[in-house]
Amino acid sequence: MSDIAIKVENLSKAYQLGDFGTGSLGRDIDRWWAKVRGKEDPFLKIGEANDRAIKGTSDIVWSLKDINLEINQGDAIGIIGKNGAGKSTLLKVLSRITSPTQGNIKIKGRIASLLEVGTGFHPELTGRENIYLNGAILGMRKKEISRKFDEIVDFSGIERYIDTPVKRYSSGMYVRLAFAVAAYLESEILIVDEVLAVGDAEFQKKCLGKMNDVSKGEGRTVLFVSHNMAAISNLCQKTSLLKNGSLQAFDYTRAIIDRYIISEKQYEAEVTGTDIKVTRQCSKANFYALRLLSESRGLTTSFAIDEEVIVSFEYDILEDNTMLYPSIHLNDIMGTCILATFNGLSANLNNDLYSKKPLNKGRYRSVCKISANLLNNKTYSINAFLVPTDDADLGIAEDILTFSIEETGAMTKEYTGDWAGLIRPKLDWMTEKLPVEF
Amino acid sequence: MKINSSNQGWDLEIKPHDTVFNLHLRDVWNYRDLLLLLVRRDFVSFYKQTILGPVWFFIQPIFTTIVFTFVFGNLAKISTNGAPQPLFYMAGIVSWSYFADCLTKTSTVFRDNATIFGKVYFPRLIMPLSIVFSNLIKFGVQFILFIILMVYYLIQGNRIEPNWYILLLPVIMLLMAILGLGLGLIITALTTKYRDLAFVVGFGIQLAMYATPVIYPLSYLQEKYRVIIALNPMCGLIETFKYGFLGTGQFYPGAFIYSIIASVIIFIIGLVVFNKVEKNFVDTI
């Protein structure tokens, strides 16, 4: 096993909510008095888990609670969790911006953190001057920056503007220059917080590529916080999932992302009436209910890989004589559409009697069965559509249901590893021996 | 990789509390390039997009001197111990404003740099230090102005008697720097949570100037007031500065030694308090 680069032990961080007003002086004196008498800090006794949605009784929250983590040298580690889960706090403590309340962190090697691009850029200074200033703020020596100066300018692709004050830069150029400086930091450990949310697609790709080089090519340790699951899964072998300040899981990225999606969204197997969030309303029909069903177990959001996924789709027709197709799209968790289907006669295995017929007012149910042995063991979500003859009057409900396909071993008798691909259909294979002699 | 493979060889340990006197001075030394670049930034950004550029450094002392000469010299007729009035006032203004600038600028260092401190780690002390050095450049420019004026009056044949105490200038500068820095650090540390003290600094520094022999010589005061004024550590420094360059008044060894001791103590208190607060101030500012 490789060496440990970062070791986090029982790390906790408490924050005080609310205003620091005249009232807080009294509390400070209480704390100080408790400390003088060698008693436990009353401030920390009443802390509670950090869930921003629930109104707490105490104005002390634990933004991080008892985090234990060991990160091996050379690993690229992702950190995910919803807003307020403690991701940024963890990075701040790791990069020494604020100190922990309890516990400790041990680090081997030089650490550089990039919580924001362009920290300390001065608008009046030129690109050249800012490269030096920003580099020094990030911990580089002047000599080091001079040595890498040409590479940095080259990577940023703004050579022409290098002697222009950065206040005249476009925001894209600004970010390019800032990231370029950070990309050439020489540190054994690099901490990156969501900086890729800026810049154009080409530059984002370049940044991800550079980070990949840093971790895989140069063997440096990378910690990467992002909401972009695609970026996390491309870059990080392992990922830790934070929730309300505590570490929920630390495992291979794929497993964590699936778990995150499931745990954060708290899937419902059924949505009805006003709970259906309609992105676009159709004038002739309403969504009434959508359900996910298993043949044997009824309502569910997790299906075995060799089991049919039954999508039951109920809708109300509001006018007589309406021609309308119910339709669904199946997406993976990154939002890539994997398939689209509707009950059109030519796209249906059955002969649906209501297909392509004018419907009278009333409630209808269309059921679509997604074949067993078609999907991979992943998480999928469904977009539902009501498509009348006039396409422009389309009704849309996005991300309406989410389900996961679980590995049961049905297809893994021969190969037990990670199965690539967005889908995993059983297909027709046949082998024959060819009449060729050797 | 030169990294030690044993589990004991940690390069850095992040803990909730540190010992009071661990000031991370080695870290500060490692970031000395940043210090220079920050000083450069302050200097360059000061005169960018101005027509007069560094000449602006002259404007403030010249006009202040003119006003002081008129108000305190001509209207109030306060003694300058025989030195030419403009020169006497300028000596006070140039040296006092170095101290005052160090103090006022460092006293808001946490607030002014909250965004950058919240995003990246570097030894926080670098920021206030860069302020002290930036002000030193400004002082240097204004000091040249003062010397020019002094030479002018010498040529005119005025009674100015520079003496060996001029050699104390570096000591005076260092003491003013650490005194201003120390007070500034204490104030900025105290104001991260409670801003009250920040309001005091603005007018406090104005009033403090009158409690320091800037516009009057110490000898001008009655004995009982002189002792009170001498409790101000800046008193001995300004008096010595004036005595060295102008030969007015006299050198008070007691006041000077008192200034040294007070400055050093305040500086150390400032460092310790700043160091304690810097670890968590991001959470409260």
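Visitor: What is the strand order of the open sheet of five strands in chain A?

Guide: This is a predicted model, where local features need pLDDT of at least 70, side-chain atom pairs count only at pLDDT 80 or more, and totals for chains, interfaces and linings use all residues. Residues are numbered from 1 along each chain as written, and chains are lettered from A and ligands numbered from 1 in the order written. Strands are DSSP runs of E, at least two residues, numbered from the N terminus; two strands pair if DSSP finds at least two bridges between them. Pairing in this sheet is mixed, and the order is 14-20-19-16-17.

Visitor: Which strands of chain A are the edge strands?

Guide: An edge strand here pairs on one side only. That holds for strand 14 (302–304) and strand 17 (337–342) of chain A.

Visitor: Which residue is the bridge partner of Leu324(A) in strand 19 of chain A?

Guide: Strand 16 (residues 324–332) and strand 19 (residues 379–388) of chain A run antiparallel, joined by nine bridges. In strand 19 of chain A, the partner of Leu324(A) is Pro388(A).

Visitor: Is Ile131(B) buried or exposed?

Guide: Buried takes 20 or more other C-beta atoms within 10 Å of the residue's own; exposed takes 12 or fewer, and partly exposed lies in between, with C-beta atoms placed from the backbone. Ile131(B) has 27 such neighbours, so Ile131(B) counts as buried.

Visitor: How far apart in space are Ile131(B) and Tyr210(B)?

Guide: In sequence, Ile131(B) and Tyr210(B) are 79 residues apart. In space, C-alpha to C-alpha, the distance between them is 24 Å.

Note on methods
Helix = DSSP H or I, 4+ residues; strand = E, 2+ residues; numbered from the N terminus.
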